[in-house]
Amino acid sequence: MNFDLAHLHEIESHCTQESPPRCRSLCPFQLDARAFLAAIAESRHAQARKILDRALAINKLEQYCVAVAEPARILPLPPKKFSLAVLGPGLAGFVAAAELARKDYPVTVFYKDDLAAPLVARFPALKSNHALAAELEALSGLRVSFEKTCPDTALLARCEAEFDGVLLDADAARELAPPEEAVDGDTRHWRDNVCCAGRLSRSPTGHVFPETARQAGEGRRAALTLERLAGKVSLTAAREKQRGALHVSLEGIAPVPRVEPAGAAYTPEEARAEAVRCLQCQCLICVGECVYLQKYKGYPRVYARQIYNNTSIVQGFHTANALVNGCSLCGQCERLCPENFSMADLCRSAREDMVDRNYMPAPAHEFALEDMESASGPDCALVLDDDSLPEGAKPAWLFFPGCQLAPSRGEQVIELHTHLRESLSGGIALLLSCCGIPAHWAGRRTVFAGHASALLEQWKKFGGPCVIAACSSCMKALRLSLPEARIRSVWEVLNALPLPRRHGTGFSEPLSVHDPCTARHDAAWQSAVRELARKCGACLEEPRLSGERISCCGYGGLVSCAQPDLAAEMSANRAAALPHTALASCIMCRDRLVGQDKECLLCWTCFFRVPPCLERRPPGKKAPDSQPVARAGPPCAAACCAAAPAGKRRSRNRPAYAFRPKCGLTMTPKSLAEGKMLEVEALLEDK
């Protein structure tokens with residue numbers, strides 16, 4: 001991704017938070033209805049009148065505001081040297097004159113008999129309304145002059161010669177108006193320095209009538225065109241900002257009935273009650289669900305600018321580094337956004353740019369990269385052929401459990417490998433290594449490419465077997481590293497096989513399914529997990545956000561390394577969204593949720609025996625099939641605890657992690673090959 005200005009604008013265009021709401025985009029005056037109604041609701045009538053002064057009072061709230069608040073003071077502007085003319089004082093002509101006069105253009109309005117006659121003829125209610133007289137008086141106080149003369153072809157020719165721009169009101173001076181097709185619909189430009197606005201509307205049945213919104217809108221567009229004609233600039237260039245429609249979610253919002261005035265006009269209380277019905281439309285769909293987006297008090301369009309500015313700095317402080325490295329790259333925002341704005345793509349590209357230019361702070365991802373190197377090194381990596389195959393035969397399957405699952409659930413990995421060997425034909429090999437996803441998340445393209453090359457070479461040595469991945473992050477990385485390989489999740493494979501012998505008594509309560517965010521678009525993974533759990537007797541309930549809309553547990557994107565506090569907030573947010581005991585199909589999701597005292601089961605519980613010391617529950621609850629652990633001995637008789645020294649045990653409140661300084665357990669390739677787990681040392685003691 002190139003971080004240039006043109007690309008920034010392309011990225012920004014996908015975020016519609018700054019787009020006007022529908023009420024404003026359809027208003028011919030672009031009236032900021034949100035601000036107007038908010039001011040009315042707070043009884044700030046002067047501020048509301050200031051907003052309203054650009055439009056006619058056409059509804060009851062506007063009439064109320066006009067009645068209770070004085071017109072806003074117009075700030076003086078430098079006088080303009082160009083002079084403009086309006087032929088015919090219809091609605092479009094008065095709107096154009098008011099728009100130009102507020103910008104201090106000298107405007108001359110030509111009328112035939114009575115200045116107000118054309119408006120009163122179209123809108124009889126104005127005859128007894130003092131508002132029209134007040135508006136005309138206000139225009140007289142500006143640089144607007146009125147000249148009584150008959151608008152005819154001679155006057156039009158004179159105005160074309162003497163004025164820099166001329167507006168012909170098609171309603172008030174109908175005899176001079178050209179055919180509709182002769183006038184440009186967007187700019188209202190007719191010919192030379194003449195514009196035409198204020199056409200009558202026609203219904204499908206042929207009825208001709210004055211449409212106030214159309215006439216006023218045409219007058220406003222014509223005023224802008226007159227400015228450009230006078231200044232000899234393009235009539236169309238950058239005329240209006242092109243933005244997508246503002247998307248507003250109405251989910252969970254109950255309708256509120258309209259407040260009708262008891263009398264002819266609103267009382268202050270009635271006006272406030274009606275004004276607060278405004279939703280104050282905003283998008284912020286992604287911000288409402290993402291802890292990361294909430295943290296920096298903005299929205300994606302703002303963040304895109306900050307990241308662009310951050311990459312543009314040559315010398316000085318890169319203040320957006322935390323913003324770039326705080327994203328979990330989970331992709332939820334892109335799924336929720338109606339325009340598919342992806343903060344994940346933006347932040348990962350920014351990380352790659354920072355790495356390429358040597359601006360990435362070394363501590364941000366250093367631990368994760370060292371962890372990846374260790375997990376793929378000679379002390380931890382393991383390649384295990386299937387010795388049941390004839391000499392020289394290549395396995396049809398390659399099991400890739402990942403570097404996090406094997407150390408945390410070693411016995412279950414061994415049982416699963418054995419079950420797959422017994423159930424699948426063609427032989428199955430085992431490959432223990434890191435998939436390289438930390439390098440991809442960190443923006444280290446060169447490191448990831450080297451890791452991918454090594455995995456590809458190893459896969460080819462096995463003869464290109466079908467890869468069975470037990471980790472969704474591994475599946476994502478392997479699909480990048482091995483694009484020609486067929487990769488299936490372990491859940492898909494298990495779902496197609498007879499169930500292995502189960503241990504335990506089943507499930508007595510509903511489970512909330514938690515999908516890993518890296519399997520957001522993997523329907524096969526999600527479906528297989530649910531089918532398997534139901535086959536094993538589990539009653540599943542979907543949380544509010546699941547499947548493609550899932551929230552990250554806080555592990556993805558290395559945010560736990562760069563900003564551990566933010567990662568903890570993500571974990572807590574996800575844990576709070578799961579009403580029942582969670583069922584996770586990713587070991588890191590399970591450990592992150594358990595770290596927030598959320599009762600969570602790993603899907604392995606459905607199939608294989610899990611040592612009680614690894615099945616963590618919130619404090620105060622017993623682990624399954626075990627009594628509270630005595631301090632004087634090991635917590636259970638499982639292999640993972642049998643070797644613990646007397647008086648010491650691995651804390652039940654700490655899950656085992658692979659290759660982490662806080663680990664209590666680890667596995668070596670040799671011990672895995674022998675089907676045993678060894679306790680190396682108890683680094684965590686129960687204080």
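**Figure 1. Cys65, a buried residue of helix α5.** In this predicted model, Cys65 is buried, with a relative accessible area of 0%. Its place is in helix α5, which covers residues 60-68. For the setting, buried residues account for 51% of the 687 residues in the chain.

**Figure 2. Helices α3 and α11 at their crossing.** Here helix α3 (residues 33-41) meets helix α11 (residues 268-275), with axes that come within 8 Å and cross at roughly 140°. The two helices are therefore oblique to each other, since an angle counts as roughly antiparallel over 145 degrees. The crossing of α3 and α11 is left-handed. On the α3 side, Leu37, Ile40 and Ala41 make the contact, and on the α11 side Ala271, Arg272 and Ala275 do. Sorted by class, this contact has 5 nonpolar residues, 1 charged residue and no polar ones.

**Figure 3. The salt bridge of Glu42 and Arg44.** Side chains of opposite charge can pair when their charged atoms come close. Glu42 and Arg44 form such a salt bridge, and their closest N and O atoms are 2.8 Å apart. How accessible are the two partners, Glu42 and Arg44? Glu42 counts as exposed at 51% relative accessibility, because the cut-off for exposed is over 50%. Arg44, with a relative accessible area of 36%, is partly exposed. This pair belongs to a structure that holds 30 salt bridges.

**Figure 4. Glu218 and Arg188, a buried salt bridge.** The side chains of Glu218 and Arg188 meet in a salt bridge with an N to O distance of 3.7 Å. Distant parts of the chain are linked by this pair, 30 residues apart: Glu218 sits in helix α10 (residues 212-231), and Arg188 in the loop between β4 (165-169) and β5 (189-191). Both Glu218 and Arg188 are buried.

**Figure 5. Arg445 and Glu352, a salt bridge between two helices.** In this view the side chains of Arg445 and Glu352 meet in a salt bridge, at 3.6 Å from N to O. Arg445 belongs to helix α21 (residues 445-461) and Glu352 to helix α16 (residues 343-356), so the pair ties together parts that are 93 residues apart in sequence. Arg445 counts as partly exposed, at 44% relative accessibility. Glu352, at 11%, counts as buried. Elsewhere in the chain, shared partners join Glu180, Arg188, Arg199, Arg214 and Glu218 into one network of salt bridges.

Figure 6. Most residues other than glycine have a negative phi. Asp104 is not a glycine, yet its phi is positive, at about 65°. Asp104 lies in the loop between α6 (91-102) and β2 (107-111), and it is buried, with a relative accessible area of 15%. Lys232 likewise has a positive phi, near 60°. You will find Lys232 in the loop between α10 and α11. Is Lys232 buried or exposed? At 72% relative accessibility, Lys232 counts as exposed.

**Figure 7. The chain as a setting for the close-ups.** The chain has 29 helices and 17 strands. Of the contacts between residues at least 6 apart in sequence, 69% join residues at least 24 apart.

Key: Residues numbered from 1 in each chain as written. Predicted model: local features only at pLDDT ≥ 70, side-chain atom pairs only at ≥ 80, totals over all residues. Heavy atoms only, no water. Axes fitted to C-alpha atoms, helices over the stretch in contact; angles between N-to-C directions. Helix = DSSP H or I, 4+ residues; strand = E, 2+ residues; numbered from the N terminus. Parallel < 35°, antiparallel > 145°, perpendicular 65-115°, else oblique. Left-handed = near helix turned anticlockwise from the far one by under 90°. Contact = heavy atoms within 4.5 Å. Nonpolar A, V, L, I, M, F, W, Y, C, P; charged D, E, K, R; others polar. Salt bridge = Lys/Arg side-chain N within 4 Å of Asp/Glu carboxyl O. Buried < 20%, exposed > 50% of the residue type's maximum accessible area, 1.4 Å probe, protein only.
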